[in-house]
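Dear colleague,

Here is the structure for your files. My notes on helix packing and salt bridges follow below it.

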Amino acid sequence: MKFPTLEDILENKKCERIVSLVGLIFPFLEVHVVLGPKVLCSTTNADFNIFFKTHLVGPIAELYGSQITHILSFGLMVVIFDVCVRKRIPLTLFSRFNIIQGVLLDIICSFFGIAYSQLTYLVRESVFGELLANAAYFSIIGFILYSIFMILFGRYPKIPIVSEGARLNVQLFR
């Protein structure tokens, strides 16, 4: 009886699609830590605020709360990016592309968070600041949902700028 190798398992279509979703964990966590409290927990509805604070934003903020866990997740993201770019594990091109795209989307989300936090208090708390936070939050969530949808159907998600960067990194060590 022949046992399947790691390469055989990773080339299975269902496994390939599940592995491709791994890279989207990072931007999902990052957007909920950076912009989630501003967007989801600043409404006038108290029940809505309590629900998101206890079920979504709160637990993720506890996970990312300390600087050590944030640094560890960043280190894990760098290792996963390096593994995908240099082809250290026999992942398919589809999986590598989607994982790299998720990591690049996380970098963009980190940029939005840093840029938003550097705005003055007056701008952050104004209607314009809330508009920026909502636009950044819902665009990142929209890209994540779009990517999940396309990956589950076996297609390459096309996100402006991010897809081109992922394609260049996948071709680097082809």
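In α5, Phe 52, Lys 53, Thr 54 and His 55 meet Val 57, Gly 58 and Pro 59 of α6. By class, the residues of this contact are 3 nonpolar, 3 polar and 1 charged. The axes of α5 (residues 46–55) and α6 (residues 57–64) come within 3 Å and cross at roughly 35°. Please keep in mind that this is a predicted model.

The other helix pair I looked at is α8 (residues 93–117) with α10 (residues 127–152), whose axes come within 11 Å and cross at roughly 175°. Angles over 145 degrees count as roughly antiparallel, so α8 and α10 are roughly antiparallel to each other. Residues in this contact include Phe 94, Leu 105, Ile 108 and Phe 112 of α8, and Ala 133, Ile 140, Phe 143 and Ile 151 of α10. The contact of α8 with α10 divides into 12 nonpolar and 4 polar residues, with no charged ones.

The structure holds 4 salt bridges. One of them joins Glu 125 to Lys 38, with the closest N and O atoms 3.2 Å apart. This pair links distant parts of the chain, 87 residues apart: Glu 125 sits in the loop between α9 and α10, Lys 38 in helix α4. Glu 125 is partly exposed, at 40% relative accessible area, whereas Lys 38 is buried, at 16%.

Asp 82 and Arg 86 form a salt bridge at 2.8 Å, N to O. They lie 4 residues apart in α7, and are therefore separated by about one helical turn. Asp 82, Arg 86 and Arg 88 are linked in a network of salt bridges.

In α11, Arg 167 and Glu 164 are 3 residues apart, and their side chains meet in a salt bridge of 2.3 Å, N to O.

Best regards

How values were computed: Residues numbered from 1 in each chain as written. Predicted model: local features only at pLDDT ≥ 70, side-chain atom pairs only at ≥ 80, totals over all residues. Heavy atoms only, no water. Axes fitted to C-alpha atoms, helices over the stretch in contact; angles between N-to-C directions. Helix = DSSP H or I, 4+ residues; strand = E, 2+ residues; numbered from the N terminus. Parallel < 35°, antiparallel > 145°, perpendicular 65-115°, else oblique. Contact = heavy atoms within 4.5 Å. Nonpolar A, V, L, I, M, F, W, Y, C, P; charged D, E, K, R; others polar. Buried < 20%, exposed > 50% of the residue type's maximum accessible area, 1.4 Å probe, protein only.
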